[in-house]
Every structure is written in structure tokens, then in C-alpha cells.
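Subject: Structure for your review

Dear colleague,

Please find below the structure I am handing over to you. My notes on it follow directly after, and I would be grateful if you read them alongside the model.

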Amino acid sequence: MTSPTSTTIPRSSPLAIVLHLVAFASLSWSFNELWKPGPMTTFMHNQYGGHWTYLTILSLAASWLTFAFSLAYDLVPLAVFSRIKTSLAVLAVPIEGLVGLLYWSLTLLNPALLNPPTEPGKEPFRIPFALDVSLHGLPALYLWLDFLAFSPRFSSRVRPHLLMTTAASLYVLWMEYAATKNGRYPYPMLDDMSPSHRSLFYVFQVPTLIALYHAANYVHGLVRGESSNSEENEARKVRRAENKLADKAQ
């Protein structure tokens with residue numbers, strides 16, 4: 001624990017660095033696989049918005065950036081890297097939790113709800129198992145492990161209701177716009193819904209995201225036994241330490 005008068009910014013633990021490296025490498029592999037030539041890449045490239053109409057891939061990008069800034073802080077412990085990483089994690093942790101819950105539950109129910117057929121009347125497209133787990137399981141696992149074991153809990157100053165509503169609304173607007181260009185939605189189940197049912201489905205995701213945000217903070221408190229006040233005090237100490245280093249450098 002850093003004292004208030006220390007000028008040393010706390011460094012990441014060796015275990016945290018290992019997790020960040022593994023997560024960054026794993027998510028980078030997922031991106032590489034997604035853009036490899038093949039039926040899946042061709043299918044996505046042939047639609048407006050390409051890969052970026054899928055929530056899975058957008059959340060994967062947020063997770064990748066979270067661990068990129070985690071590694072940046074591991075190498076150069078500047079508070080700005082820590083703050084960016086934490087800001088990204090506030091969104092990425094609940095969204096990846098939602099992606100996992102939706103994907104695996106709907107896939108078990110009926111894979112055709114999420115995966116379009118390769119051709120009309122054919123079986124739904126199947127993602128290779130390793131990539132499937134890497135896209136829809138590992139990002140949430142890495143994020144939640146890092147959050148619960150090595151990160152402060154989310155600040156009480158964050159407004160999750162506003163944040164999650166804004167994030168969900170922006171994605172829905174983007175997906176609806178892309179659907180007008182493509183003549184279909186990225187997920188087949190949305191094509192089968194009426195506009196009112198689709199709207200209800202969208203609205204339901206907001207309280208789910210908010211619940212996941214609060215669940216993450218609650219579990220963090222159970223695992224770490226730390227209050228939000230103590231975490232915010234620690235963050236202030238880090239900022240004071242960085243300011244002192246900057247003053248000495250001038």
C-alpha cells in the first residue's frame with residue numbers, strides 16, 4: 001500500500017501482468033482469426049458495417065483495449081493508463097457478461113437464433129469451437145478475473161443507469177441503421193421479431209447491464225472485502241504520486 005507522501009506509483013503484481021499478457025495475446029488471436037480469409041470473413045465483408053455490426057466484436061474490441069492499457073500501465077505505471085483502463089472496464093465487464101449470457105443461453109436453445117444459414121434452407125453457420133469460446137467466453141473470464149483479483153471496484157461516482165442506457169442506445173441505433181442498408185439484422189432472431197418485440201428486447205438489455213455492473217461491484221466486495229471509499233482513496237494517492245513525479249521533473 002502506498003503512503004500518501006510516497007512518490008512511487010504502485011506497480012502491478014506479477015500475477016496481474018501474466019493475466020494481462022495472456023488476455024491480450026488471446027484476444028489478439030481472436031481478432032486475427034476473425035479477419036482470416038474464409039466463409040465467415042467473406043460473409044461479414046459483404047454486408048454494410050462488416051464485422052462491426054456485431055456486439056460480440058465491438059465488446060471484444062473494448063476488452064482488447066482494456067488489456068492493452070493494462071499492459072501499458074504494467075510497463076509504464078502512469079495513472080493516465082490506469083484511468084483509461086478503468087474507464088474501459090466499467091463498460092467492458094458488464095457488456096462481456098451480457099454477451100456471454102445471451103450467446104450461450106440462446107445457442108443452447110437454438111443456434112439458428114444467432115447464426116445465419118450458410119445458404120437458404122441450410123444449417124446455421126457454425127463458428128469453430130476454439131474461436132467460439134475465445135469470442136464468447138474468454139473475454140468475460142479475463143475481465144472478471146482482472147477486476148475481482150487485481151483492480152479497484154467501480155467508483156461510486158459512476159452513473160451506471162446513464163452509462164448503460166447510452167451504450168445500449170448507441171449500439172441499437174447503429175445496428176438499426178446497418179439493418180436498413182443490409183435488409184437484415186446481424187442476428188437472425190431480430191429479423192423474426194416484430195418492431196414492438198424488438199424494442200422490448202432492446203429495452204430489457206439495459207437493466208441486465210445495470211444488474212451486471214452492480215453484481216460485479218458486489219462480488220468484488222465479497223472477494224476483496226474492500227469498500228469503495230478505500231479504493232477511491234487509493235486512486236487519489238496514485239494521482240498525488242504522479243503529480244509529485246511530474247513536479248520533480250519540471
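Helices here are DSSP runs of H or I with at least four residues, strands are runs of E with at least two, and both are numbered from the N terminus. On that basis, the protein chain holds 10 helices and 0 strands. Its pattern, read along the sequence, is α-α-α-α-α-α-α-α-α-α.

Confidence and overall figures

Please note that this is a predicted model. The protein chain has a mean pLDDT of 86, with 83% of its residues at 70 or more. Over residues 1-9, pLDDT stays under 50, and the model has 23 contacts beyond four places in sequence for them. Where pLDDT is low, the predicted coordinates should not be read in detail.

The protein chain has 250 residues, of which 43% are buried. Among its contacts between residues at least 6 apart in sequence, 75% join residues at least 24 apart.

The second largest pocket

The volume of the second largest pocket is about 930 Å³. Its lining comprises 43 residues, and those closest to the centre are Tyr54, Leu55, Thr56, Tyr171 and Tyr187. Two or more lining residues come from each of helix 2 (39-45), helix 3 (55-75), helix 4 (79-109), helix 5 (129-136), helix 7 (160-182), helix 8 (188-191) and helix 9 (195-224). Helix 4 supplies the largest share of this lining, 8 residues. By class, the lining of the second largest pocket has 37 nonpolar residues, 6 polar residues and no charged ones.

The cavity

How many cavities of 30 Å³ or more are there? The count comes to 1. About 70 Å³ of space lies within this largest cavity. The residues lining the largest cavity are Lys85, Thr86, Ala89, Val93, Leu143, Asp146, Phe147, Ser151, Pro152 and Phe154. Helix 4 and helix 6 (138-150) are the elements that give two or more residues to that lining, and helix 4 gives the most, with 4 residues. The lining of the largest cavity divides into 6 nonpolar, 2 polar and 2 charged residues.

Serine 70 belongs to helix 3. Because its relative accessibility is 2%, serine 70 counts as buried.

Helix 5 and aspartate 132

The buried residues of helix 5 are Leu131, Asp132, Ser134, Leu135 and His136. Their cover includes helix 1 (14-34), helix 2, helix 3, helix 4 and helix 6.

Aspartate 132, which lies in helix 5, deserves a separate note. Is aspartate 132 buried or exposed? Its relative accessible area is 10%, so aspartate 132 is buried. The side chain of aspartate 132 forms a polar contact of 2.7 Å with the side chain of tyrosine 103. A polar contact of 2.8 Å links the side chain of aspartate 132 to the side chain of histidine 136. Residues up to four places away in sequence aside, aspartate 132 touches Tyr103, Trp104, Ile127 and Gly137.

Leucine 27 is part of helix 1. With a relative accessible area of 0%, leucine 27 is buried. Which residues does leucine 27 touch, not counting those up to four places away in sequence? They are Leu60, Ser63, Trp64, Phe67, Pro139 and Tyr142. Leucine 27 and tryptophan 64 are 37 residues apart along the chain, and 6.0 Å separates their C-alpha atoms.

Alanine 211 is located in helix 9. Alanine 211 has a relative accessible area of 44% and is therefore partly exposed. Between alanine 211 and proline 94 there are 8.4 Å in space, C-alpha to C-alpha, although the two are 117 residues apart in sequence.

With kind regards

Terms used. Residues numbered from 1 in each chain as written. Predicted model: local features only at pLDDT ≥ 70, side-chain atom pairs only at ≥ 80, totals over all residues. Heavy atoms only, no water. 1 Å grid on protein atoms, 1.4 Å probe; cavity = no way out; pocket = protein on both sides within 12 Å on 5 of 7 lines; lining within 4 Å. Points joined across faces, edges and corners; volume = space filled by probe spheres on them. Nonpolar A, V, L, I, M, F, W, Y, C, P; charged D, E, K, R; others polar. pLDDT = per-residue confidence, 0-100. Contact = heavy atoms within 4.5 Å. Buried < 20%, exposed > 50% of the residue type's maximum accessible area, 1.4 Å probe, protein only. Polar contact = N/O pair within 3.5 Å; in protein donor to acceptor, adjacent residues only side chain to side chain.
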